[in-house]
Amino acid sequence: MMTRSTFTLGLALWLLVMQSSPVLATTMHKEEVSCPICGQKLTVRRIMSTNNFGGQDRDFCEHARGAQPLLVGPTTCARCLFTGYPDDFDKKPGPELEALRKQLLEQKPLKARGPLELNWVRRDLHIQYLMLSDALDERLLADMYLRIAWAVRLEMNPLTPYFHRLTEEQHGRVEKLLPKEQNARRADKARGDLLAARFLIAKIDELEREEKEAALIAAAYMLRNRGEHGLLSEILPKLKEVLPEGEAGSLIEKTKASIELEQAYQRKALAAIDEHLKLKSLPDEGFPDSMKVYVYLAGELARRVGDLDRARSAYRRVIRLQPVDWLRKLAQEQLALVEKKH
Ligand SMILES: [Zn+2]
């Protein structure tokens with residue numbers, strides 16, 4: 001049976017990370033293991049330390065500088081598609097494992113939705129695998145789907161090579177376009193990126209072609225990297241003004257596909273949160289703090305899939321529930337954001 005602690009950092013831990021000071025680097029440790037289902041030898045990686053220098057998005061997606069720890073786990077056996085975290089590879093032999101082995105090897109119920117090198121594909125397989133043997137509770141399922149959406153955000157950004165191709169001079173020009181106070185945006189990088197992108201977009205039509213290209217690519221890259229799809233979808237067609245037509249068309253299509261993939265998992269997370277909150281439907285005065293985070297998250301996910309009415313009412317509900325300070329501030333900030341429409 002799966003235990004919660006073996007396979008993932010719980011949401012609570014991510015919240016703690018948000019409140020703690022940054023550490024220096026992401027370091028990993030490799031181990032050789034055997035697949036408990038088919039015996040294949042493979043390498044698993046454990047995260048030993050990480051950092052949060054890249055800031056945290058408002059749905060709690062943590063960005064590290066350097067390797068992204070979120071993209072490390074879980075590991076999939078390429079031969080039989082068994083998927084798990086390092087400790088899951090130490091499964092003890094027994095009737096339960098025997099039944100799973102028979103099922104996996106004979107019926108092949110697990111389906112990879114893309115290449116196994118991609119973390120979101122392995123996370124999707126992990127859910128499929130756990131569903132064979134466990135009744136996953138809705139809270140756990142919500143956390144797992146949320147992480148798949150984050151993995152898509154971090155590893156499926158088609159604008160990344162375009163952003164990295166900008167020269168130092170182009171980066172410098174983009175920085176110069178931003179107001180001075182924007183240089184202080186490192187303190188809250190997620191919010192800073194969103195403000196910078198908005199600022200660049202407001203100016204974009206006044207810019208000369210080359211400057212426009214750099215500003216548009218930087219803004220689009222930052223928005224995709226933060227999963228801010230409402231504003232991104234509005235500016236995507238402008239790529240045709242700065243890139244050759246065929247190239248722009250293909251980049252726009254790939255970006256839309258990656259947005260849709262992230263949103264598909266956000267909708268699954270949202271449905272699981274709805275079920276989770278339904279189970280615990282309580283009057284406002286008895287509402288536990290741990291659940292208020294999910295009311296907020298439901299709002300944030302609704303905003304990210306484009307349901308702004310639902311987002312507004314969820315943020316208002318969190319504020320009415322009188323949560324802890326940091327959560328109230330987040331809900332107020334995001335409510336102000338949807339009141340501006342994006
Ligand atoms: Zn295997």
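How many buried residues does strand β1 have among its 8 residues? The count is 0, and β1, residues 27-34, is hardly covered. Buried here means 20 or more other C-beta atoms within 10 Å of a residue's own; 12 or fewer is exposed, in between is partly exposed, and the C-beta atoms are placed from the backbone.

A word on the model. It is predicted: local features need pLDDT of at least 70, side-chain atom pairs count only at pLDDT 80 or more, and totals for chains, interfaces and linings use all residues. Residues are numbered from 1 along each chain as its sequence is written. Helices (H or I, at least four residues) and strands (E, at least two) are DSSP runs, numbered from the N terminus.

Back to β1. Its partner is strand β2, residues 41-49. The two pair in the antiparallel sense over 8 bridges; pairing takes at least two DSSP bridges. His29 stands opposite Arg46 in β2. Glu31 stands opposite Val44 in β2. Together β1 and β2 form a hairpin, with 6 residues between the strands. Gly39 sits in that turn, with a positive phi of about 85°.

Now the helices. Start with α13, residues 289-304, and α14. Their axes come within 7 Å and cross at roughly 160°. Axes are lines fitted to C-alpha atoms, for helices over the stretch in contact, and angles run from 0 to 180 degrees between N-to-C directions. So α13 and α14 are roughly antiparallel, a label for angles over 145 degrees. The crossing is left-handed: the near helix is turned anticlockwise from the far one by less than a right angle. Among the contact residues are Val295 and Tyr296 of α13, and Ala311 and Tyr315 of α14. Contact means C-beta atoms, placed from the backbone, within 7 Å. By class, this contact has 9 nonpolar, 1 polar and 4 charged residues. Ala, Val, Leu, Ile, Met, Phe, Trp, Tyr, Cys and Pro count as nonpolar, Asp, Glu, Lys and Arg as charged, and the others, Gly among them, as polar.

Next pair: α14, residues 308-320, and α15, residues 325-339. How do α14 and α15 run, roughly parallel or roughly antiparallel? Their axes cross at roughly 150° and come within 9 Å, so they are roughly antiparallel. This crossing is left-handed too. The contact includes Ile319 of α14 and Leu335 of α15. It divides into 9 nonpolar, 2 polar and 3 charged residues.

Note on methods:
Angles under 35 degrees count as roughly parallel, over 145 as roughly antiparallel, 65 to 115 as roughly perpendicular and the rest as oblique. Two residues are in contact if their C-beta atoms, placed from the backbone, lie within 7 Å.
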